[in-house]
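This briefing covers a few local features, grouped by topic. Please read it alongside the sequence and the coordinates.

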Amino acid sequence: MKLKKFKLKNQLQVLLVESRKSPVVSVQMWVRTGSADEKKGEEGISHFIEHLLFKGTRKFKTGEIASLVEGSGGELNAYTSYDQTVFYVTIASSKSDVALEVISEMMGFPEFDPAEIDNERGVVIEEIKRGEDSLGSVAWKELFATVFKKHTYKTPIIGFDKNIEEFTSKKIKNYFNTRYVPSNMFLVVTGDYNSSEMKKKVEKYFGEFKAYKLDNRKRLKEPTQKAPRAHIVKTKFKKTQTYLAWRSPSIQGADVPALDVLSMILGTGDSSRLAKKLRLDNLLVQSVGSMAYTPKDEGVFAFVMTGEPDKLPLAMKESLDVALEIMKAPPSQEEMTKALSILSSEDIYSMETVDGLSRKIGSDQFYMKDPEYFKKYLKAVYELKPHDISKVARKYLKPEALSAVYLSEEIPENFQQEIDGLLKNYTKDYEKVKKVQLRKLKFSAKPIKIKLNSSEVAKTVVKVRTSGLTLVTRKQTETPTFSLRMAALGGLRAEKSEDSGAVELMTRLWTTGSQNYNEDQINQIVESNSAGLSAFGGRNTIGLTLDGLSPSQKDLYAVYFDLLKSPSWDQKIMDREKHVQLQQIKHKQDNPAQVCFQQFHQMMFEGHPYSRDTLGSERTLSSIKRDKMLYYQKTLLQLKNMVLVAVGDFDDKLLEKEIVSLEKSLSPGNQFKSDLKLQKIERKKEGYIKLEKEQTHIVLGYRGLTIQSEDRYVLDIIQSVLAGQGGRLFLELRDKNSLAYSVSPIRMEGLEAGYFGTYIGCSPDKKDKAIEMMRIELKKMSSQLISEEELQRAKNYLIGQQAISLQRKSTVSQSILMDVTYGLPANLTFEVIEKYKKITRQQVQDLSKRLFSGPEILSIVGI
């Protein structure tokens, strides 16, 4: 990585970071203004401006920016936070001028057309409504409104609908011209280019920015909290969520490294103290974690839990006990090692993509004014001793600084008194604990050292071994990471109707134990090596994935292959996971979009396994016993039914040794086959489920293609014409008619058949118009040839996305895995570009006619 910094005459700071790993470039503009810089009456203006900068500039009309970027194979987006607003484009390095031009136009010369402002009001209000239907969004809003009483972090980033309706063009322009000025922004360009040439391009595109005067904003300082707070909120959600939170220092605080380590030890991963005590050992919660949120000003350190109302009060008590325990006695060597390993691995994983590298460098520049600050941060992390973690817990997790936020549909009688008693007891216990003298344990650790290699031409090698196992390998050694994946045919297609939910349960149990490793050991090995281990189960397959750092291969392979050979399916753990899965079934109404899609699947695939909910039903799941796990293991985990893919910087000898052992343990068996039939859809179907939500969710679709169909590449073109910010659905339904924040094409290819259609989430009063317009857009695909320009845009987008997505080894391995498992060529992912180039407009229209002339399936969920 080669970094160069300079300033333009207008005071815009520029950071150029050369990275030759992939032929991709990321252009990001960071603005030093966020929602916390807004005054009364301005709440939400930063986020609104984020939307409006896509709506026209001196050179581009509405939709043209997205059309140009996506038509050049790139992707663009933006986000607003409390502290900053960031706009970014990722694109092939050969198209870097496109990225530079659109970012410079958006940030230097927006139009703020009154008509477009009015159109976008409805879109943002739909986004606000979408958030009101999300427990996570509501809980976050309530948390910050409880912790902060004066500081502007108390206000939702998205603002209030009343403000969005009233912002004038004059007010928006004034805010933009006084906050989005060169001296208050910086540009980060990361990727495959020559810095000298890139500097000239940056000067060309950004040099004419006017150096407007910055309106410096001073934020109110939050007063010291002197007594614990309890905020109880009655909600419409089935699930209950709670936060236990304390104020934390700003990101520049000297205690931030220790707080990050504290958060890792207490609540990151299944080996953390909170997960073990509240989720794995006692099942007091469905999920639990911790966070150390350290923004520009004072932030929040918090525990977050979801679960059942009758158990969460005890879970809150137990979590506070966990906090007291680490104040009393320093963490172990193993806990320190795990936390430090996870934090240091961030540097390695960020190098996989230019976006990741840009985010890390941009964040360090924004908060610390040092793009390479991570090195100093890591040095501070590795200087920490166990007792430093206990000291920082005592310093910040004080009773008087505690805020308890509880959201539930059910608020028990006298609950306020129960919470008050909990906080009172925590105060007493804290006073005792802080008097305990801390032991100073010896501890030392070294950061992970990595060596970056030059990129080589990767080759995909496929071998069907004599055992029947299909092995695919692809060496990519530019970064010291690897991705290992196994898939076996089966999934829902192998699941009996009376066992509905078994495959999902199987994936939850698979990584919890094997012949040689129990759950705690697996979690400790995986997380202390900064790896990711998970099982998956879909409509057609089940599988096991492992992503990690190359130096840790030996330990990680041992766990991974033991899970393939001899998963334990422990009955006690099975009972625990069944309970969690049953709770998720009961809480499905909290996710209306999910309910809408499930209803759609039931109508689309009636009588076929694809119609079933992967979670199962309360009846079927309750009846599943351990023998079912053994049955599906024996049926599906047979060598001739398995494909194993290794991508990255892996050790051939280690891998071969484990594979030979696997082959000795499993039987050759046979590939799973099924003669499932799919009923023909004879007529239009419509389903409606009433849910009292802010938005109505709609899925409209038609029977689609199989995985093996050659027409699926044509369907990629159809999807690209409709999708994205430059696509027809976005332009017509969102940009021009303000019907929704979320609208997109949807698709699925299956072994018997799939579907293609559209999804939208909108206000109930917009439902009929949304359905009408979705039908119109699909009909237009059938009745008219798309333009040559649209066809080329779609092709360019698909080709460009190929280069962007394949930066990650996990994406490469997953693509190869699915192709080979379904009997397709292993190199298809890398050869598909040639297929796109040959597609014609007539093929697009012909396939559209064939698909969209069939019976329509319409699923509606909401009011």
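**Surface charge, cysteines and backbone**

Lys149 sits in the loop that runs between α5 (135-147) and α6 (161-166). The model is predicted. The points below take up a charged patch, the cysteines and two residues with positive phi.

Positive patch
- Lys149 forms a positive surface patch together with Lys40, Lys150 and Lys154.
- The relative accessible area of Lys149 is 44%, so Lys149 is classed as partly exposed.

Cysteines
- Zero disulfides turn up when the whole structure is searched.

Positive phi
- Most residues other than glycine have a negative phi.
- Gln11, which is not a glycine, has a positive phi of about 80°.
- Gln11 is found in the loop between β1 (2-7) and β2 (13-18), where it is partly exposed at 39% relative accessibility.
- Ser738 is not a glycine either, yet has a positive phi of about 50°.
- The loop between α26 (728-736) and β20 (742-748) holds Ser738, and this residue is buried, with a relative accessible area of 9%.

Note on methods
Residues are numbered from 1 along each chain as its sequence is written. This is a predicted model: local features need pLDDT of at least 70, side-chain atom pairs count only at pLDDT 80 or more; totals for chains, interfaces and linings use all residues. Side-chain values use heavy atoms; hydrogens and water are left out. Patches are made of residues with over 30% relative accessible area and no salt bridge: like charges are joined within 9 Å, nonpolar side chains (Val, Leu, Ile, Met, Phe, Trp, Tyr) within 5 Å. Accessible areas come from the Shrake-Rupley method with a 1.4 Å probe; for residues, only the protein chains shown count as cover. A salt bridge is a side-chain nitrogen of Lys or Arg within 4 Å of a carboxyl oxygen of Asp or Glu. Lys and Arg count as positive and Asp and Glu as negative; His and the chain ends are not counted. The place of a charge is taken as NZ of Lys, CZ of Arg, CG of Asp or CD of Glu. Helices (H or I, at least four residues) and strands (E, at least two) are DSSP runs, numbered from the N terminus. Buried means under 20% relative accessible area, exposed over 50%, partly exposed in between (1.4 Å probe, protein chains only). A disulfide is a pair of cysteine sulfur atoms within 2.5 Å.
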